[in-house]
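Subject: Structure for you to look at

Hi,

Here is the structure I promised to pass on. Please open it before you read the rest.

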Amino acid sequence: MIFSYNRLKKLINIDITVEQMVSAINSIGFEVEEYKPFNEVAGIKFGHVLKTYKNPNADRLTVCEIEFANDVHRIIQTTATNVKPNDYLMAFIPGAKSGKTVFAPRNMQGIVSDGMLVGLGEIGFNEDIIPEEFNDQIFTFGKIDLNLDPMEYLELNDYLIDITILSNRADANSYLIMAKEIAAYFNVKIADIEINNATLESKLSIKELNETKAFSLIETTDTEYHLDVINQMFLWKHNIKTFDNLIDLTNLTLLYTGVPTHIYNRKDMRSNEFSTKLVSQKINILGNKEVELNNNLVITNNNQVISLAATIGVEEYMYQPTNDNAIFEIASFNIKEIRKNAKQIKFDTNSSLRASKEVSLGSMLLAYDFINSQLIHCSKLINKPKVKQQKIFFDISYINKMAGFRISQTKRFKETLNKLECLGFKLDANNFIIIPTYRYDIETIQDITEEIFRFYGYDNFPAQKPSITRLHMQDPTYFNEWKYLTALRDKGYANIRTFTLIKPELNIFNPFNFTTTLNASMSKNYDHSQIRHSLIYSLNDIMIRNKKQGIHDNSFFELGMISDSVNVLGIVSNQKSFDEMKTDLMSLTNKKLTFKSSNIKELNPKASADIYLDDQFIGYIGKIHPNYLIDDAIYAEILIDQLTQNPLSYHSYNHMPLKSRDITVNVLNNQSIEETINKISTLKGIHKVYLQGIYRKDDGTKNITLSIILEEWATKKFDQEFNK
């Protein structure tokens, strides 16, 4: 999302440079793609038009006598036709700059023009967005203090910051939340929204909701709504058109709170009851474009479609400023339905782009407060969302464990908790942390830990050497993975790769009866924090995902890890019969396997068998017991390590880096170097010997250069042997 530096700084209410702001944003887990000045303008001034008349020597030039601050009067000519006496405007006076251009007085058809008047396009605005009345014209406005600096007063000395928002932080696609985040980094809290008393009584109600999480309405009598010039420019910076009515407030609400907002004329509604429904019919959307709906989510009033949910309005119900009441709609819909709506009309709107991501109930409450603060007379929030305040136990021991040191004892930790309070987190007397209602992404202590770490600053974590004992595999050739990959593909199975670490609550399958559960204690993601006991869940998850994509007949295999068994073969198929898969396993292993009735509780006793090799249990094949999983597919797992007579052997190795030696040997042209290479290779600590190059000399001999890679402890022995 694009943010205005000036507007964020105004909300934060502290004086920081754009570089400091960008650094803060990057430090708290967001990513600034780029930031750039809104324009390259300097030195423009406010002016008051005293008099205008035509240049007698040029039909298209209008001479303007303009008053500036300190009673300075200038004559500036323009080809624009909209400037008239008593207008206020801006001008490039002598010394002002636009890019590399420096303005100076110049003679225009016999009259010296002391600068140039300012159009919106000259100060950075998209001319396709600005009001039509100012296209190719000078931007004029109401009375203003001529002593003010236009660049500061109108927030033109601005930077646009392009921020990538994490997929689970859709709430941060808004000025109020992003300002909260930045302010918390600097340990300050942004001002609360000042809401007005909701005195308007409304008879509006909600009848029926479909594919809708929450749906609320606000009625107002404030139909004479006008944005000031600063907020108009704020919308233009975001390439949003202004309409000089309440539509502007819906767009301002979207930017400030991240909640799509729609508006209707009260007089156009044929009933007090509103609903959301899935319908299939033709409608004319705004722009009078006909589209055919196919089970799309819409807003209805008296069974009439009045808008396409969070996407676009209907032409017949387009808002028009009148003396009648207006109705605001704020809602949170099923994300899939909004994406379907945008696809149906074949384009995205600002509203659909935001509503296709999570809109929290807390954000809806924030949107109401913002709308209320901009109005004088409005109703309470009709059908107010029922927001449950979430609490999570503040487990200090877990946080310390994840940090790898006693982070809770540091001064910075206490500062970090203060920063979280600035975001709306609160710690109660029972050591539970209360989550702000707009943060739909906070569900577990792992999420709380991540919040603490990002505001603590990962750069502030002490550097620690990990206590890792590395293992070197002595015989890496014992397991021929390629053999299994090729054979299974030839038999019609597709290879898959899944996560070894899964969510503890999903680790319910244990056909090999492992007695030890292995947890990844340093995992920052709870969904991947425990080593699985079986491949069943992983294989089933892939089957489900393919079915959702319309691929119903599948055969998969994976060579993966379960518990402390590194090499395990898992197979699943809903295409092959039990006997076909049994035959595949027997031909794959080339071992005399025995199949016996299974007592594994996770398996269906009427369609399963245990697999033995020489009376040793090595796997199973069968359907899953319906108590665990409703699935007709056949599953199989085999402990590959049990099929070899050369089990893995490990030994610790020296962690010191390897060394290298280059030597040159002189031999006759017809003499082989192989004997020398073999002799060097027999020395202890030698890893590899490379032939670097051969140089043939005129005396009938050749120099052969060898490069030797060896352990550090072996260098002394090698040097002695080579020198000898």
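What percentage of the 724 residues in the chain is buried? Buried residues make up 48% of them. Keep in mind that this is a predicted model.

First, the whole chain. It has 17 helices and 38 strands. Its radius of gyration is 37 Å, while the globule rule gives 27 Å for 724 residues. That is well over the rule, so the chain is more spread out than a compact globule. Along the principal axes, the C-alpha atoms fill a box of roughly 105 × 80 × 55 Å.

Then the surface and the charges. The chain exposes about 37400 Å². Carbon and sulfur atoms supply 47% of that area. There are 80 positive and 88 negative charges. Their mean positions lie 6 Å apart.

Now zoom in on helix α1, residues 5-12. Six of its eight residues are buried, so the helix is largely enclosed by the rest of the structure. Those buried residues are Tyr5, Asn6, Arg7, Leu8, Leu11 and Ile12.

What covers them? The cover includes two strands, β1 (2-4) and β11 (159-164). It also includes the helices α2 (18-27), α4 (175-185), α5 (229-237) and α6 (246-257). Find each one in the viewer.

Asparagine 13 follows α1, and its phi is positive, near 65°.

Best wishes

Methods:
Residues numbered from 1 in each chain as written. Predicted model: local features only at pLDDT ≥ 70, side-chain atom pairs only at ≥ 80, totals over all residues. Heavy atoms only, no water. Buried < 20%, exposed > 50% of the residue type's maximum accessible area, 1.4 Å probe, protein only. Helix = DSSP H or I, 4+ residues; strand = E, 2+ residues; numbered from the N terminus. Contact = heavy atoms within 4.5 Å. Rg over C-alpha atoms; globule rule 2.2 N^0.38 Å. Areas by Shrake-Rupley, 256 points an atom, 1.4 Å probe, with all protein chains shown as cover. Lys, Arg positive; Asp, Glu negative; His and termini not counted. Charge placed at Lys NZ, Arg CZ, Asp CG, Glu CD.
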